[in-house]
Amino acid sequence: MTKKLNRRDFIKNTTANTVGVASIASGISLTTFAASENPVSNKKRWGMLIDTNKLSEANIEDMVNACQEEHGWGNEKYSTGEQKPDWIKKVKVKDKATGKIDSLPLMCQHCEQPPCVDVCPTNASVKREDGIVLVDKHLCIGCRYCMMACPYDSRSFVHENLSNQKADTPRGKGTVEACTMCVHRVDKGEVPACVEAVGGDGVIFGDLYDANSKINKTLKKIQSTQIRADLNLNTGVRYSGI
Amino acid sequence: MRHFPIILLALMFTSVFAHGNDGHINLGDKATELKEEGKSRDIHPSLAEIRKMHPEFLLHKRDQTLRQGIRSKRNSLKACVDCHSSTKNDEYLPINAPEQFCSTCHQKVGTSLDCFACHRTTPEEEL
């Protein structure tokens, strides 16, 4: 069987094919376009400014409780003290000269140059384009190099089987976990649970790059610091009052 | 020759289906309701496709959500659980329990999932 294909037929056939492909693809692809359906970009960098002068001990405890409530950690039955997860904790720092004691909440600092990402052998430690540092637990093999690399001791390892997790925070034995800056809330345009728990100006959450954001404006105005600034990790979490 | 496409179709369908013994899979409460309302196609444009391709869809969606923050409902595991869960005595049954939606077919084909070691097995909202 021979068939001569002239240019017209060729064009006709290819268009027919293209339509076929497009309709298959549309079955798979997304049909609506809300904000959360667009990939995050590096035009933004999420950060937090924690003003220890404005935070009482009780405020800090509220932050810890809000985090536990949001992500469902802290009820581990079989883990010993050392093994218990600590997504956020209250830390006391003492000025050796004056004896002044400050309490501050410490969690993943969402570094621009995260050591945990550098050492991860499976690419499970990731920094999103918008600066949020995460563990992709699907890829995590539980080697815990990242826990050793983190200067802030902010990652934990799940030592036991869990059930009844929070829908937005899947967690399971054998993987590393840490503060996610509440990505699931941030992607919806909300603020992290710990920020909401304090209210007021004690903790400001926002886009560090946005010149109109409260966090950007405040950082331009007041004295602030990064914990272990000497490491040049350029953290997303900043402190003032210490 | 005219029957060939029909035979082919019949073969395709029998090979992809892994139905329960009664020929009806336990879809879960919400999904059953939606099916009765004729809304199936709005959710899964093609049944044959979701039956065959859901592992790929889920893994793709997983990477999109984690790495790019894409949180639409389509192919979200949380959404599968919300829609395909069944209830008994006013309580949700874990979706990966025997005879529940994410386990019947898998039992048949001898696949076991680790997803629910971390992912919640019931919808979070109260009944």
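Analyst: On a 1 Å grid over the protein atoms alone, a pocket is an open set of points with protein on both sides within 12 Å along at least five of seven lines, whereas a cavity is a set of points where a 1.4 Å probe fits but cannot get out; lining residues have an atom within 4 Å of a point. This is a predicted model, where local features need pLDDT of at least 70, side-chain atom pairs count only at pLDDT 80 or more, and totals for chains, interfaces and linings use all residues. Residues are numbered from 1 along each chain as its sequence is written, chains are lettered from A and ligands numbered from 1 in the order in which they are written, and side-chain values use heavy atoms, with hydrogens and water left out.

User: Ok, which residues lie nearest the centre of the second largest pocket?
Analyst: Those are A:G72, A:N75, A:S163, A:N164 and A:Q165, out of 17 lining residues. The space in there is about 360 Å³, a volume being the space filled by probe spheres set on grid points joined across faces, edges and corners.

User: How does that lining divide into nonpolar, polar and charged?
Analyst: Eight are charged, seven polar and two nonpolar. Here Ala, Val, Leu, Ile, Met, Phe, Trp, Tyr, Cys and Pro count as nonpolar, Asp, Glu, Lys and Arg as charged, and the others, Gly among them, as polar.

User: New topic: how many salt bridges are there over all chains?
Analyst: The count is 22, where a salt bridge is a side-chain nitrogen of Lys or Arg within 4 Å of a carboxyl oxygen of Asp or Glu. One of them pairs B:K78 with A:D168, at 2.7 Å from N to O. That pair crosses between chains: B:K78 is in helix α5 of chain B, and A:D168 is in the loop between β6 (156–157) and β7 (176–177) of chain A. Helices (H or I, at least four residues) and strands (E, at least two) are DSSP runs, numbered from the N terminus.

User: Are A:E177 and A:R171 buried or exposed?
Analyst: A:E177 is buried, at 1% relative accessible area, and A:R171 is buried too, at 3%. Buried means under 20%, exposed over 50%, and partly exposed in between (1.4 Å probe, protein chains only). Their side chains meet in a salt bridge, 2.8 Å from N to O.

User: What does A:D187 pair with?
Analyst: A:D187 forms a salt bridge with B:R71, the closest N and O atoms being 2.6 Å apart. A:D187 sits in the loop between α5 (183–186) and α6 (193–198) of chain A and B:R71 in the loop between α4 (47–68) and α5 of chain B, so this pair joins two chains. A:D187 counts as buried at 13%, while B:R71 is partly exposed at 28%.

User: And chain B, what's its secondary structure?
Analyst: Six helices and two strands, running α-α-α-α-α-β-β-α from the N terminus on. Of its 127 residues, 28% count as buried.

User: Where's B:C80 in that?
Analyst: B:C80 is in helix α5 (residues 77–84) of chain B. Its relative accessible area is 21%, so B:C80 counts as partly exposed. The C-alpha atoms of B:C80 and B:C102 are separated by 9.0 Å, and the two are 22 residues apart along the chain.
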